[in-house]
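Reader: I am new to this structure and would like a close look at one part of the picture, the pairing of charged side chains. Could you take me through it slowly, saying where each partner sits and how far it is covered?

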Amino acid sequence: MDSAHEEPELPSAIQDLVQRLEGQGEPITELPYLTNPEFREFFPLKKALSRVIGWRSQVRLRVLEAIGSCNTFEILNMGNICGLYFSRLTASEWEVVLSGFRSSTVLKKIRVDSLYHSDDAEMESFCFQLGRILNSSSVTELELGGRLSARCLSNLASGLRGRSDSKLKSLDLGVTWEDSSAVKYVADMINSAPLLETLRLGGNFEDMEARPLDETVGILSQALIQSSSLKELTLTTGDWTVKGRGKWAWPLLLKALTGDDRNRSIERLRLTRMEGLGDCLRELLISNPSLKEVTLEFLKMRSPEQWHQLGEAIRDNANAIATTILVRFRGEEWKSIEALARSASSEVNDPTLEITLHVVSEDEVMLSLNLLGRVLRGEITSLKSLSISRDEDDRKIITFSIPPMNGKSGETSVLKRLELSVRSEDISKGVWEDLLRCMRGNHLTHLDLSDSEVDEKAFRDVMGVLQVNLALQEIDVSRTSWATDGKAAQIQEALKQNQKRAVYMSVFREAKLTFGDAKAGRLFLCGSPRAGKTQLRKTLMRINHSWLHRSSLYNKWDVLWRTKGIEVEYLQNNDKMQISIWDLAGQWIFRTLQNVLFPQTNNFCVFLFVYSPFCEETSKNKPDSCFKTELEDWLSFITSSVKITGRDLPQVFVVISHKDKATYSSVSWTQSIIEELTQRFANFVNLLPVQECFHVDSRKKKQIIPLNSHIFENFNKLLSEKSPQVPLLCSQLTFLLVTKTKKNRSFPLWSSKKFHDFCAPSFTQFVPSSHAHSVDHSSIMKSIISYLNDVGSIVYIPNVKYIIVDPNWLTNTFLGELIALGQNFQAQESEPSNRTSSYASKDGFVSESVFARLIEEFLRNQPHGQRGVGRVELENILVNLDLCFKLEDSSQYFIPSFIPEHASKEEQDHQEAGHVKSMYWENRSETSQFVGIRIECQDGRTMSLRAAFFPRFQVRLNYAFTHTQINRCKCQLLFVISV
């Protein structure tokens, strides 16, 4: 309601704005848009201005006066006042607004966007008032856009002319020049700003006819040369789609930034939406050492060849050109992008290119990923950063950055950090698969997914990256669903497990060794006693080694000895693959040994669970429940012993043996059991269904051939796709070691010097000659030992001065035989015992004399001529594997594996639900103390505390007690197991 006696109440938005402008409430530093709906009643479109009368006119004036007198503005954006139309305010209203800022000590920036105006006189008056503000206020930044006359620019320049204390530091003139005389006033503004650091010039000088182009360029170049404070220069054109735009830029650059009298203060140069600068850019980069950063946005060259030539100039003059060159492309300019990136790559220089790609189509996304893949694989080394953005919303999909070498000679910078901002629609288009494929075997250390939309498939893919990329140290998923659903914890655990191998892999990369697909792997045969594992191993060996048919040993294999510990042989050893087969004894007395020597990672490993459905004692088939019990037991053992890394879980194949004795021909009865256990162990092992070809008579070569083919097909995929790439040096050493030890079994232990001498020729072959004198050979040697130990080619035991180059000697000949002696275990069930004494101990303690006799008997039974192995070496191995502990006060040896309880498990009837006997540990001292410890599994459904756990735990406790007062007494332990 409008009345002469009663005025309407001001809208809340107006009240709040006026109060803040007048210093009440929260200070205001930048004006909101007066064109917003809440202000439109008082600041309408031009055609509705006639309705702003009376009370509305008074309110409008009060707001404008408050704006002019406000002393808290830091930014004055004219577009916030009038939108796009200058005439929304009258000349007098502009005077009210602007007059108050002439003496402002707070205002820092004035921005005038492209404002539509119909009256040149009003715009010239407006520019005159801006010039007065520049003359007397604290403004440091001026940004002008749109079409301005020469008089407008003259009025602006008048405010700066003759003022030596001008505070202007940044001048952005993105305007279209109406006549050539405007250039003189632009030069005046540059010359009148002694503190000017940043200058942006836009326009199309070639359209101005009144003054020749070379004269225009001459005026501007002189102004630039004389501006000694200028640090950053930007040259741009209005419309990049118009052919020939920006041709004025190259003569200006050559005049102002090259030659003896050039500007020497400009460090950063940005060129946008121009054509034909190829030759100019090469000369500019080479001849102006002052430039530190050059940005090229949407430039058009005549052909990709010009980009190639620019890249060569960057590469060949690395020490003389800018340290950073930023380039922005449209996605369709793929040939130009690749030409620049490839030609600028160098093996010795820091990368200098930072490329931003704006993509639209699916093809452009995939092409940009191809470029990233080449960077990840080290084929392109010129990129310091890459950003891929979608044009429709300017959303970044991918960004990465590479740190500099920090002056280290002989090295190249490599991709370290990668940031992905991938949405579900990108994932469906195959972005993840291509990216993750590229991440295999590179130097990437940090992966940021915090801005990505992720799902279950993406999680599996990321875990797959961890399977093959050991360099990753951090994956940021902080703002994703993974941060709260437990997946972040799984990622962190996988990263932690990778750290050990990452250390030695980084040494290989620093030595510039050539990497390739992994070639070494291990096949584990596991199962209960008399399952047919050893017979299967022998048949697999016959299939892969034709010479065995001619060997004198071939006829002896009809009589199979029960495995002691772990028997290790090489199923294949050539330049394609080195696959060892580890046959695990089924008896429980060897489970401690197997636990100690089990692989610490699931990389390079395949498991074959062998089950016999036939019971020798009853000559009948076992109940189906026995299959479930035995398989479940071994799956728990694998799950509890192997550290899972990545998404590719340990592969477990099930082989049903004794086909010749079974009363059924199909293995379909295993299906439901396999399905149940597959679900239970889904996060820990990859349990595969039993195929009919896995139902075999292990003695029949013809039946084993399909299984053999399947094994090698899986290893080929595992090593080529799902394992980290490894140095070719390591693959060759594995091959040579197997060949060497097979020929001479007399030296199962090598000194460090002998091992180094063995590796030396391969060092010479694989370490690049350019790095031969700079690499740390001792670090490489330690890394080689770590890798070969991981794949089972050797066994390295910390604190033991020898390296075990024949794993079978340790796992079978020594430890397997030693435990067999201690347990009075016979390799053949019908074999009579002719031993004069038994080494079995009721509580695991043996005297020093008994231990000495045990070692002597072992050494006496070894092949004649075996050298380098004595009691000291054997004792050190046992102690450092936590299989033995010497009590210094009583000169006794504690060997928990000798406790008969571990053998009692073997005697249990698998057809009956037998109960494990409780172990009675005789009290050996009147001063014994009892301590109770509750031990729980991390996952009671898939893990178990097997008997193998306790011997090592007991030894570790004895070690701990030696450092406390408890070592003066015997400590008896009562274990409460919770699973």
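Author: A search of the whole structure, which is a predicted model, finds 33 salt bridges.

Among the salt bridges is the one in which the side chains of Arg-56 and Glu-41 meet, with 3.1 Å from N to O. Arg-56 belongs to helix H2, residues 54-69, while Glu-41 is in the loop between helix H1 (12-21) and H2, so this pair ties together parts that are 15 residues apart in sequence. Arg-56 counts as partly exposed, because its relative accessibility is 31%, and Glu-41 is likewise partly exposed, with a relative accessible area of 39%.

Another salt bridge brings together the side chains of Arg-282 and Asp-279, at 2.2 Å from N to O. Both of these residues lie in helix H10 (residues 278-287), where they are three residues apart, about one turn of the helix. With a relative accessible area of 17%, Arg-282 is under the 20% limit and therefore counts as buried, whereas Asp-279, at 44% relative accessibility, counts as partly exposed.

A further salt bridge is formed by Lys-487 with Glu-456, whose closest N and O atoms are 3.2 Å apart. This pair links distant parts of the chain, since Lys-487 is in helix H18 (residues 487-510) and Glu-456 in helix H16 (residues 456-468), 31 residues apart. Lys-487 has a relative accessible area of 14% and is therefore buried, while Glu-456, with a relative accessible area of 40%, is partly exposed.

For a contrast with the charged pairs, one may turn to a nonpolar part of the surface. There, Leu-84, Tyr-85 and Tyr-116 form a patch that has about 340 Å² of accessible area together. Tyr-116 is found in the loop between strand E2 (109-112) and helix H5 (120-136), and this residue counts as exposed because its relative accessible area is 52%, where exposed means over 50%.

Notes. Residues are numbered from 1 along each chain as its sequence is written. This is a predicted model: local features need pLDDT of at least 70, side-chain atom pairs count only at pLDDT 80 or more; totals for chains, interfaces and linings use all residues. Side-chain values use heavy atoms; hydrogens and water are left out. Patches are made of residues with over 30% relative accessible area and no salt bridge: like charges are joined within 9 Å, nonpolar side chains (Val, Leu, Ile, Met, Phe, Trp, Tyr) within 5 Å. Accessible areas come from the Shrake-Rupley method with a 1.4 Å probe; for residues, only the protein chains shown count as cover. A salt bridge is a side-chain nitrogen of Lys or Arg within 4 Å of a carboxyl oxygen of Asp or Glu. Helices (H or I, at least four residues) and strands (E, at least two) are DSSP runs, numbered from the N terminus. Buried means under 20% relative accessible area, exposed over 50%, partly exposed in between (1.4 Å probe, protein chains only).
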